Amino acid sequence: METTQRRWRKVAYGGMQPGFDDNHTDDTFLQEMVMNANVVKRDMLKVMLDSVSISQYLCIVALVVLVWAHTLNSTITENFLIILDITLVGSGFFILLLTAKMLSFKLLLSYAIKISFFTTGLYVLSPIYHTLTRSISSDSIWALTTSLVILHLFLHNYSGSTIKAPGALENPNLTSNISLNASIVASLLIASRLPSRLLVFAIILFSLQVFLFAPLVTYCLKKYSFRLHLMFSFVLMAITLTCVYRLHKLLFVVLLGLLVFVNLVCPYWLIRIQEYKFEINGPWDEAKLCFNITD
Amino acid sequence: MEFKEGKHSILMVSDFFYPNFGGVENHIYLLSQCLLKLGHKVVVMTHAYANRSGVRYMTNGLKVYYAPWKPFLMQNTLPTFYGTLPIIRTILIREKISLVHGHQAFSTLCHEALMHARTMGYKVIFTDHSLYGFSDIGSIHMNKVLQFTLADVSQAICVSHTSKENTVLRSGLPPEKVFVIPNAVDTTMFKPAPERLSMDPIVIVVISRLVYRKGADLLVEVIPEVCHLYPNVRFIIGGDGPKRVRLEEMREKHSLQDRVDMLGAVPHAKVRSVLNSGHIFLNSSLTEAFCIAILEAASCGLLTVSTRVGGVPEVLPDDMIVLAKPDPSDMVHAIKKAIRILPHIDPQEMHRRMKEMYSWHDVAKRTEIVYDRALRCSNQSLLERLPRYLTCGAWAGKLFCLVMIIDFILWRLLQLWQPDSEVEPVPDFKRTELKTEVRK
């Protein structure tokens, strides 16, 4: 008769192990479980500084909406808008030249040609946009525009830019494409409410410039120098808040609240709830392929 | 409510059963057959397949209820919460069931049946056949549903120790409630070829569904490498799936048409002959709770090369399997080692050892112990059971309690409308005592 009991083994073959029930839970149970292997410890200051890029984009969109509001009120003239467009293109190119390393003269020339084609096309199509929503009531347009702008802000890709600098590796994903399309449709809807064709052309050009290229420009600026990026963001926030204050007091309060929420409340909240993070890994995980599947 | 002294009446519930073939389906069928041989009464309930609906009888009087619900997504019935209550109640009363045994966490019919069985006071057992993750959205929902079902289960069964760890983490069950009873293989059906195959060419067999989960992409990387290193090695690939196209492309690209045979989907009856034409069985799955394919291959005398994932390391002793990381270079290394030790393998000896290590009769006996344990659990009223659901989560707990209370009310209403005494019980057929097989 066996006096020493055999050790329990973690095997499935051989039937019931003698001396042990099937529900025997050994000391080695869950020994190979690994908890929170990939969790990054976050620092409050760094998270707040990173959230500045979100509020910077919020201010850019707020400025665009401001320009729309003023144009609809006829506070801004066409000439002012055209000058604004040209200034934006110039300064955008200037910043890109300074910061991006991969631009050459030939590339700039091809960009200039593409932009002139684009602008001419827009000018030719502006009569169509002018009468696009004539049969729709104003309330529907304002409601639709507001929802599209909110959708755009929700789905926007804040970590990079949808329009990539040449040589970028990642492809844009579905949500960033949807947000870009939403912003373009919103600007077209607003443009269709304006009285003259030149205004329509100018406002569409302005909106598209900002929505398509502002993320790229700010991304290049951020990569070049973080301090410059921070300074630019704070100046932008100050300008936006003053302009919104002059327009409408309630909207100013909303924007201020939103900026405080994004910059101060959210980082604190994120770090507070990180302690509940419980990531479990173990031998039951599906294996990850270490190579890329090329079709 | 017991059929004979010490014998139980068991209802097996799952969405997965014959005429589909698969791990869970075979498990339920073979376990039921062995339980019938032990003298218990077994009834199976599943959903209707194509035009197969109603009551059917299978071998040895196994009664199968194909409830008239059509599958709506991946072989699962539409989850209607309370829609299945009347039919399950009728089956439980008619067949004088004492225990309900549900299979597979992915089966909606199983969850609903277990919920209704608990409401009506029956003892309930759950068997989990797969591993699930924790981080993707599908798994999170599945785990919540599992938590609900297992909050009030009498006992649970898992097919491997890794699966037990996974189930305990996902559902929060105390580990003492979970029994580990592995699957087995029908060694009378999977026998090696009577004559040993010649060693030239060495044939490596792969039989699996060609999907991402089963590691078809690893095969695409491994096969050309092995064919390049060993000119006398051939591959036979059985099975079909979305990744078949990639394998065909690999074949074309490396001109391996004469060295790699693609057989397409292999019907279950032909698996043995395919296995008998090879020396080595290659399994490249990325996740497995318990791989029955490996058992079938070992029973036919093939040496197995597999990825070290999930419950695979527990399945065979170290001299019958070569394990590798799920990485192409490591798998090629493992195949090299397998080819080197192949001359020392004796298929008949391997088959004899498999007969001793795995048998469905043993599985049935161990399951019987679980049933006895489950029936000894105390009966609890609704109020005593509700606190168990509250532990499932701050919001979820209260929602689950509500679901169970409504289920209870619906059951009482059903009892008023059609009392238990009005349901005709099925007469017990006097079967001639089956000769119990003397195993070894």
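A: Between chain B and chain A there are four salt bridges, a salt bridge being a side-chain nitrogen of Lys or Arg within 4 Å of a carboxyl oxygen of Asp or Glu. The side chains of Glu286(A) and Arg213(B) form a salt bridge, with an N to O distance of 3.8 Å. The model is predicted, and local features need pLDDT of at least 70, side-chain atom pairs count only at pLDDT 80 or more, and totals for chains, interfaces and linings use all residues. Residues are numbered from 1 along each chain as its sequence is written, chains are lettered from A in the order in which they are written, and side-chain values use heavy atoms, with hydrogens and water left out.

Between chain B and chain A, 10 residue pairs are in polar contact, both residues at pLDDT 80 or more. A polar contact is a pair of N or O atoms within 3.5 Å; within protein, one must be able to donate a hydrogen and the other to accept it, and residues adjacent in sequence count only if both atoms are side-chain atoms. On the side of chain B that touches chain A, at least two residues each come from α5 (161-171), β10 (178-180), α6 (216-229) and α12 (360-375); helices (H or I, at least four residues) and strands (E, at least two) are DSSP runs, numbered from the N terminus. Of these elements, α5(B) supplies the largest share, seven residues. By class, this side of chain B holds 24 nonpolar, five polar and 13 charged residues, where Ala, Val, Leu, Ile, Met, Phe, Trp, Tyr, Cys and Pro count as nonpolar, Asp, Glu, Lys and Arg as charged, and the others, Gly among them, as polar.

In total, 42 residues from chain B and 30 residues from chain A take part in the contact, defined by heavy atoms within 4.5 Å. The two chains bury about 3,100 Å² between them, 62% of it on carbon and sulfur atoms; buried area is the accessible area (1.4 Å probe) that two parts lose on being put together, summed over both. On the chain B side, His161(B), Glu165(B) and Leu169(B) lose the most area to chain A, together 20% of what that side buries.

Over all chains, the whole structure has 24 salt bridges. One of them joins Arg89(B) and Asp420(B), whose closest N and O atoms are 2.7 Å apart. This pair links distant parts of the chain, 331 residues apart: Arg89(B) is in helix α2 (residues 85-94), and Asp420(B) is in the segment after α14 (396-417). Arg89(B) is buried, at 1% relative accessible area, whereas Asp420(B) is partly exposed, at 36%; buried means under 20%, exposed over 50%, and partly exposed in between (1.4 Å probe, protein chains only).

Helix α6 of chain B, which contributes to the side that touches chain A, also holds Asp217(B). Asp217(B) forms a salt bridge with Lys243(B), at 3.2 Å between the closest N and O atoms. Lys243(B) lies in the loop between β12 (233-238) and α7 (244-253), so the pair ties together parts 26 residues apart in sequence. Both partners are buried, Asp217(B) at 1% and Lys243(B) at 17%.

Within helix α7 of chain B, Glu248(B) and Arg251(B) lie three residues apart, about one turn of the helix. Their salt bridge has its closest N and O atoms 3.6 Å apart. Finally, Arg118(B), Asp152(B), Arg385(B) and Arg388(B) are linked in a network of salt bridges.
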